[in-house]
Amino acid sequence: MKFSHSELMDALAARHGVIAELIGVRDVHYVDIPVHGNVGDLLIMLGTLEFFKRHRIEPKIKAGFYNYSARWAKESDVIVFHGGGNLGDIYSRPQAKREEIISQLRGNRIIILPQTIHFSQQENFERALKIFRGHSDLHIFARDNLSYEIARQMTDNAYLAPDMAHNLWRTQHFSDHKSSTADRLLVFARSDEEIGIENIRDQAAVDWPDIVGKRREAMILWFYRVGKLLHLMKLDRFIVGPQMKIWERFAWTLTLDALALFNSHDRVVTDRLHGHILSCLLSIRNRVVDNSYGKNFSYLNCWTIRSNIVGN
């Protein structure tokens, strides 16, 4: 049975209140901010910042995985890890930093925002399991049922919640889409290692790198490398705040370009999860193709399949 898209999205956007309750009035370190050209991750970041704003939470520190140090944390601080799809062994560097911080800050409350969890190697899962189970105040939010079952093995504090990008629903720039009579189709297809199980790529297909462009990709790489160098020199503590403010403004520039592309079409076919979520935020009809390891359909079946504008 299908339901009103607006009513469904309203319900999803309201499901993150427990995160605010876990944070309370303590200082927050928002860690693993995405500094790269994947606009899907930027949507998660911007949705998280909107969530903080809505609940009057002002993070004391915002940092990427590559320029954050556990030595900055006081015992009362809450460490909040960015959500997304990098909890597991597909993206080893942010996972290594996550394991390092959880090992070092056993006295701090640690919250992992909604993630898809995937391990392809058993030994990697067992290592993470040992580290995570060793922390008594670790809270993991999973964004699909399969990830939730894995999270329950890793901690006694596991929760099921939709992607943080849903906090952008009904905010500025994310108003209802006005369809044209042309029925313009956007094929938004992955070009990386998670490419969909159904080949939807054609000559007209677009992916995040096409929106960002090579010049801006080079700028992002430079920004990342400077931040990493300052971290190695132990100078970044003094400038990480201004650095991240610059990055947030640039992230909005990239995101608005993505919005312009999607809003110029009336239908979307995509094997990117945030191609689907962005379409939903803009109320654009969309059909979803699963990615290489089932992430998209797991999310779809958990949260959005009942929308009257969504198909698979």
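These legends go with a set of close-up views of a predicted model. Residues are numbered from 1 along each chain as its sequence is written, and side-chain values use heavy atoms, leaving out hydrogens and water. Because the model is predicted, local features need pLDDT of at least 70 and side-chain atom pairs count only at pLDDT 80 or more, while totals for chains, interfaces and linings use all residues.

**View 1. Two cysteines, cysteine 280 and cysteine 302, without a disulfide.**
A disulfide is a covalent bond between the sulfur atoms of two cysteines; here it is called when a pair of cysteine sulfur atoms lies within 2.5 Å. Searching the whole structure turns up zero disulfides. For cysteine 280, the closest cysteine sulfur belongs to cysteine 302, and at 14 Å that is too far for a bond. Cysteine 302 is in no disulfide either. Cysteine 280 is buried at 1% relative accessibility, and cysteine 302 is buried at 10%. (Buried means under 20% relative accessible area, exposed over 50%, and partly exposed in between, using a 1.4 Å probe and protein chains only.)

**View 2. Arginine 109 meets aspartate 137 in a salt bridge.**
A salt bridge needs a side-chain nitrogen of Lys or Arg within 4 Å of a carboxyl oxygen of Asp or Glu, and the whole structure has 17 of them. In this one, the closest N and O atoms are 3.1 Å apart. Arginine 109 sits in strand S5 (residues 109–118), while aspartate 137 is in the loop between helix H5 (122–133) and strand S6 (138–142), so the pair links distant parts of the chain, 28 residues apart. Helices (H or I, at least four residues) and strands (E, at least two) are DSSP runs, numbered from the N terminus. Aspartate 137 is buried, at 19% relative accessibility.

**View 3. Aspartate 183 pairs up with arginine 267.**
Their closest N and O atoms are 2.9 Å apart.

**View 4. Aspartate 192 and arginine 190 belong to a salt-bridge network.**
The closest N and O atoms of this pair are 2.8 Å apart. Aspartate 192 is partly exposed, with 25% relative accessible area, whereas arginine 190 is buried, with 3%. Through shared partners, salt bridges join Arg190, Asp192, Asp207 and Arg272 into one network.
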